Amino acid sequence: MLTKKQIDLLAFINARVQRTGVPPSFDEMKEALDLRSKSGIHRLITALEERGFIRRLAHRARALEILKLPDSLQDRTESRGAGNRGFTPRVIEGDRAGPGQPANARPVATDGVVDLPMMGRIAAGVPIEAIAHASHNVSVPGGMVSGTGEHYALEVRGDSMIEAGINDGDVVIIRETATADNGDIVVALIREEEATLKRFFRKGSAIALEAANPAYETRVLPGDQVRVQGRLVGLIRSY
């Protein structure tokens, strides 16, 4: 039998994974359960792991896998059903399109494949240049861009999102939007001059841009200095 704190933590982790595809940080878990230190979270996670509810993945500080849920949480999860907004980026492994391809302003679909404009590089680490104009196209499965809105591709530079499964050199697929919900991974334009890929959180009138790497601090900026330009919907990785 689980304690109330253990159930609360498992529910919080499950809800975050269902919504964003990535477990919460230890700081977020500590805040959600109103604990004074992260040592309490470590004890709760160890207890859940010993009881077979979760598993910690090796060599990744923020990687937790939910193995099962108690009946009370399972019923709650099923009752929400299709109403969940959960999202896990779809990863396509393969070759990237070369720079010799022409750039288009809009996606072009051919036999289930969509050509998206490559809009330049995006920082997942230290700041780099803002988003550039399209230089060439990349081809992605049509299902990756299902839904409304325009889509575009960006090449990732940096390692600040590695614990969200986004590596230096990956190509991310972005759905163009000016709004985001807490926990979304977004392209954020800071002060109209610096573009970055981070997890988005609204804190009153401020915006927090959170990395998925403990080596990087969360940046908290006035709301009028941050403009959302898109939300992550997919990822392409070459080997």
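Colleague: Which residues lie nearest the centre of the largest pocket?
Modeller: This is a predicted model, where local features need pLDDT of at least 70, side-chain atom pairs count only at pLDDT 80 or more, and totals for chains, interfaces and linings use all residues. Residues are numbered from 1 along each chain as its sequence is written, and side-chain values use heavy atoms, leaving out hydrogens and water. A pocket is an open set of points on a 1 Å grid over the protein atoms alone, where a 1.4 Å probe fits, with protein on both sides within 12 Å along at least five of seven lines; lining residues have an atom within 4 Å of a point. The largest pocket has 25 lining residues, and those nearest its centre are Ser25, Phe26, Asp27, Glu28 and Glu210.

Colleague: What is the volume of the largest pocket?
Modeller: Grid points are joined across faces, edges and corners, and the volume is the space filled by probe spheres set on the points. For the largest pocket this comes to about 580 Å³.

Colleague: Which element gives the largest share of the lining of the largest pocket?
Modeller: Elements here are DSSP runs numbered from the N terminus, helices (H or I) having at least four residues and strands (E) at least two. Helix H1 (4-20), helix H2 (26-32), helix H3, strand E11 (194-203) and strand E12 (206-210) each supply at least two lining residues. The largest share is six residues, and it comes from H2.

Colleague: How many residues of the lining of the largest pocket are charged?
Modeller: Asp, Glu, Lys and Arg count as charged; Ala, Val, Leu, Ile, Met, Phe, Trp, Tyr, Cys and Pro as nonpolar; and the others, Gly among them, as polar. The lining holds ten nonpolar and four polar residues, and its charged residues number eleven.

Colleague: How far apart are the end C-alpha atoms of helix H3?
Modeller: H3 covers residues 38-50, which is 13 residues.

Colleague: Within what arc do the buried residues of H3 fall?
Modeller: Buried means under 20% relative accessible area, exposed over 50%, and partly exposed in between (1.4 Å probe, protein chains only). The buried residues of H3 are Gly40, Ile41, Leu44, Ile45, Ala47 and Leu48. They line one face of the helix, because, seen down the axis (by directions from the axis to the C-beta atoms), they fall within an arc of 160 degrees.

Colleague: Is Arg43 buried or exposed?
Modeller: Arg43 lies in helix H3, and the face turned away from the buried side carries Arg43 and Glu50. Its C-alpha is 9.5 Å from that of Gln6, 37 residues away in sequence. With a relative accessible area of 58%, Arg43 is exposed.

Colleague: Which residue just after H3 takes a positive phi?
Modeller: The angle is about 80 degrees. The residue with this phi is Gly52.

Colleague: What is the phi of Glu192?
Modeller: Most residues other than glycine have a negative phi. Glu192 is found in the loop between E10 and E11 and counts as exposed at 53%. The phi of Glu192 is also positive, near 60 degrees.

Colleague: Which backbone nitrogen does the side chain of Asp170 reach?
Modeller: Asp170 sits in the loop between strand E8 (151-157) and strand E9 (171-175), and is buried with a relative accessible area of 3%. A polar contact is a pair of N or O atoms within 3.5 Å; within protein, one must be able to donate a hydrogen and the other to accept it, and residues adjacent in sequence count only if both atoms are side-chain atoms. At 2.7 Å, the side chain of Asp170 reaches the backbone nitrogen of Asn167.

Colleague: How far apart in space are Glu150 and Gly230, C-alpha to C-alpha?
Modeller: Glu150 is in the loop between E7 and E8 and counts as partly exposed at 25% relative accessibility. Gly230 is 80 residues from Glu150 in sequence, while their C-alpha distance is 9.4 Å.

Conventions
Expected span 1.5 Å × (residues − 1).
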